[in-house]
2 protein chains.
Amino acid sequence: MYEFGAGKSAIRTVFEETCALREQGRTDFWDFSIGNPYVPAPPKVNETIREVLGQYAPIDLHGYPPNNGWPATRAAVAKNLNERFSTNYSMGDVVMTGGCAGAITATICALTTAGEDIIVITPYFPEYRMYIQAWKCKCIEVPSEPETFQLDIDAIKKAITPCTRMVIVNTPNNPTGAVYSEESLRALGDVLREASKRYQKTIYLLSDEPYREICYDGAQNPWVADCYENTIVCYSWSKSLSLPGERVGYALVPPTVTNHSMVYDALLGAQRAVNTITNSLFTRVIERCVDLPAPVEEYERKRKIIYEGLKEIGYEVVRPQGAFYLWLKCLEEDDHSFCRRAAAEQHLFLVESTDFGCSGWARISYACSDETLSTSLPAFKRLFDSYGGYQW
Amino acid sequence: MYEFGAGKSAIRTVFEETCALREQGRTDFWDFSIGNPYVPAPPKVNETIREVLGQYAPIDLHGYPPNNGWPATRAAVAKNLNERFSTNYSMGDVVMTGGCAGAITATICALTTAGEDIIVITPYFPEYRMYIQAWKCKCIEVPSEPETFQLDIDAIKKAITPCTRMVIVNTPNNPTGAVYSEESLRALGDVLREASKRYQKTIYLLSDEPYREICYDGAQNPWVADCYENTIVCYSWSKSLSLPGERVGYALVPPTVTNHSMVYDALLGAQRAVNTITNSLFTRVIERCVDLPAPVEEYERKRKIIYEGLKEIGYEVVRPQGAFYLWLKCLEEDDHSFCRRAAAEQHLFLVESTDFGCSGWARISYACSDETLSTSLPAFKRLFDSYGGYQW
């Protein structure tokens, strides 16, 4: 009771600080806090909204769709996946949801029992902890590989117990930008298959994929559900179509999932119980926009500015392979202290790493203008010089 | 685990049957299943959508709003309530949510602890049971007054124990159309105040008000929060603006609520954990449409057709004072059997009452065309005659 409101995410804390500055009319700062896509939604999205407004009677457009979304939309999603990943999904595998977060919370609600363990890979999107705790499960943190931030398969293997019900992976990764290799995902699949057998229960893999299409250097994110049969895929168009405020995504239950129809129904029931149902208008819009490409080149250009700029100054930074976050090693060990100093002295608003499950790092969301990125570099340089380089 | 998907609501079961008939091209049936408003959304809604598409850059329009909604929208909601109910609310009392159901589930998540009791008044909207069970609370059913379906204050009083954390009221009521009197709500407030004191805990009143504006004969729904200081008001524009598919509503935490800011933060945290967050576009639309009137006269005309028609045939029906449902006493004691026979023999699709927590009744949603209503009456007459009137 009351507990969920007690804490505020580190991301939102910094975001609110910068919002307050904006309200004061201040512009002399750099806001790297929230993953609010900077690239605007493609013009076709607004065109399609206008189109459906003319095409449907208000009762059909704004009325109740089935809780899992209109069949035509679910069919369009399945078709799009099948074309891209040589899969064989149907509308009966797709539940439309209020964003990817809605898909995750409904999946956890549907497939876990209070007291079970859910494994997350550090550093991880801090909201996972809330989604997990909401259903009275335990959030078990397992570190990724130190240098590459790839999956540490042995560490995951060791963390699995008879209480484990689920593992959450997020590739491309927020906050490190790592894209997990297909090889390591297949190895994870082997581990989960073996553990499910050993403990005579299904251990689910939840694949959180809002950045799926935002991969650099021509790479493609592996299709995680190919690597393990009991994968639930959670997706949203928040990042690929720059629609984070519109809460539109889906959960996919591939036909390979054990007791498929029971799992699908559980998910649908869970989303009805918690009301992470997406809105009708955007379901129609997505149906017509599902094939639009994500603005990969634009984020790739931004990555280059910030990654190369910071590296040149002397910062230790992880080269992002996807998503739009840069993971930067703090100049002192205490990430809170470092981020406070960056904000106070240089007006650089970064998110400290402790909330992500590890210390000594800061997250930079580079979903901002090229100008914000390039003009921030002299401030980063002054910060570096004021520390005299790395102090630990 | 899996349990939420196990059952299907009686409403949705009938709705899906009629959807299947429609897909077969059948039109020789009457669908009274779901509360999908028949009156279209006012033209201003679509006009406003077009307006905001032109007014905001896509990044601002479709980007992340604060989780509790844009300040301007919350201020517009508070202002509208203050003008209508002589209250003194501010934007800091309002959390925008994904519909009224989202507001309810977030409120239950925020303000209860697993194992506590939540009292509902039978007959009640069956989804309450799911929202309650999702948070591992117990759904305690307390009957309303037999003839009037008003609150039975003594029965509620007797049902309160040290485990009680919340009472849910719904006025105008789905399914009976009862509008609770201010007098009885004040008496309920007295009972809850006294019990809170006795058990040294805050017992909350959750007021579920999606039909708030749909009251007949010039009546107005009492402002429930005036009757008890620890009321949380849950609302949506699903019915008043005919937007049930768009999932836009709010929870209001009046300043009188004990530990106001803690409760508000808990609610905001809960809705972040479960992701019942409303979409950005419709938040902007509602901000500009909050003052639009609900189509009361149209539903009043529909009520007259169905209520008087059925009464004339000889059915026992409750005269709705609000909402758009008619509560009809079945011709035999077994409501399941009655509703099956009505569908099979006369193609009348009604919802049986057992799911609403009482037996022997059926719900008719008269949110349908005048023609559907009037052409159904001969079929209702044949059904009545086939039974030879009431058999119990």
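**Close-up views of a predicted model**

**View 1. Chain A, inside and out.** Buried residues (under 20% relative accessible area with a 1.4 Å probe, protein chains only) make up 65% of the 392 residues in chain A. This is a predicted model, where local features need pLDDT of at least 70, side-chain atom pairs count only at pLDDT 80 or more, and totals for chains, interfaces and linings use all residues. Residues are numbered from 1 along each chain as written, chains are lettered from A and ligands numbered from 1 in written order, and side-chain values use heavy atoms, leaving out hydrogens and water.

**View 2. How chain A is built.** You'll find 14 helices and 13 strands in chain A; helices (H or I, at least four residues) and strands (E, at least two) are DSSP runs, numbered from the N terminus. The C-alpha trace spans about 60 × 55 × 45 Å along its principal axes.

**View 3. The annotated stretch of chain A.** An unreviewed UniProt entry labels residues 29–373 of chain A "domain: Aminotransferase class I/classII large", and such annotations may be inferred rather than shown by experiment. The end C-alpha atoms of this span lie 11 Å apart, and it is 40% helix and 16% strand.

**View 4. A sheet in chain B.** Here's an open sheet of 4 strands in the order 9-10-13-12, with antiparallel pairing; two strands pair if DSSP finds at least two bridges between them. Strand 9 (317–318) and strand 12 (351–352) of chain B stand at the edges with a single partner strand each, so one side of each has no neighbour in the sheet.

**View 5. Strands 10 and 13 of chain B.** Strand 10 (residues 325–329) pairs with strand 13 (residues 361–365) in the antiparallel sense over 5 bridges. Look for B:Y325, whose bridge partner in strand 13 is B:S365.

Conventions. Buried means under 20% relative accessible area, exposed over 50%, partly exposed in between (1.4 Å probe, protein chains only).
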